[in-house]
Amino acid sequence: PKTGIQAHEHSKPLSSEEIEAYAGYYATQIGLLKTYRQSNSLAADVFGHPINLVPRADGRLALQYRLLGLIPVSLGDTLNSVGITRAKAGNRELLVTRSQYLDMVFGEKIMPSRVPEEWQHRIGSYEITNAEDDVLFFDDVKLLIRDGFLVVEYFAPLIAGERIGFPVSPVSESEAVILGIGNGMGETIRTVSDDGKEFLEYSGYRFKRITR
């Protein structure tokens, strides 16, 4: 494999306070992201793979993947050039990425909260009942609780070839909002009843629970 990652030996290591500030859960464009302390450094779980977040000379964090935890592997020119930093917008704590001088909000830090009983009773696997001939970008949908968050998880063969889980926050007995900032974030998942049966609705699709 390519090992085109440059060392960051001239950058200043993250302090313990900086590691604690970064560590936590984020609602991102690639789903629920966990960042955590790993020895005296910072790491994140991305699609089930541990990615090191390494300080750069400009104060931002670079992404670094090590095969078997030992061999640095290039993530490609685009991801290798990405720098990550923290920012605040009011009371919101954000992760901001910079690539080729373009800044973009990547994720918002979130905290787990109690999942209402009504939504706990909806945990399970779902199938789409009105897909017809649509080309779907998601399949095998599940509603579950992960690390204290209510999460909608699905298989995304056209996007990442991996299962992706997005944290949602119930705002009523019948509505939950997808957490985060950006495309698709802030949208609502609703429950509807039809002929005495309950379904979930999102983006024009209706979902029927098939297993608990």
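## Aromatic pairs

Rings of Phe, Tyr and Trp (its six-membered ring) are taken as a pair if their centres lie within 6.5 Å; planes under 30 degrees apart count as stacked, over 60 as edge-to-face and the rest as tilted. By this rule there are 2 aromatic pairs. In one of them, the ring centres of Y154 and F166 are 6.0 Å apart and the planes are at 20°, so the pair is stacked.

## Basis of the model

This is a predicted model, in which local features need pLDDT of at least 70 and side-chain atom pairs count only at pLDDT 80 or more, while totals for chains, interfaces and linings use all residues. Residues are numbered from 1 along each chain as its sequence is written, and side-chain values use heavy atoms, with hydrogens and water left out.

## Overall make-up

The protein has 3 helices and 17 strands; these are DSSP runs numbered from the N terminus (helices H or I, at least four residues; strands E, at least two). Of its 212 residues, 38% count as buried.

Contact means heavy atoms within 4.5 Å. Among contacts with a separation of 6 or more, 41% are between residues 24 or more positions apart.

## Charges over rings

A charge sits over a ring if NZ of Lys or CZ of Arg is within 6 Å of the ring centre and within 35 degrees of the ring normal. R122 has its charged end over the ring of W119, 4.5 Å from the centre. R86 lies over the face of Y22, at 5.8 Å from the ring centre.

## Two buried threonines

T35 is in strand β2 (residues 31–38) and counts as buried because its relative accessibility is 5%. Its side chain reaches the backbone oxygen of Y22 at 2.7 Å. Beyond its neighbours within four places in sequence, T35 is in contact with Y22, A23, G24, Y26, A43, A44 and L53.

T97 is in strand β8 (residues 92–99). At 11% relative accessibility, T97 is also buried. Residues up to four places away in sequence aside, T97 touches V82, G83, I84, L102, D103, M104 and F106.

How values were computed: Buried < 20%, exposed > 50% of the residue type's maximum accessible area, 1.4 Å probe, protein only. Polar contact = N/O pair within 3.5 Å; in protein donor to acceptor, adjacent residues only side chain to side chain.
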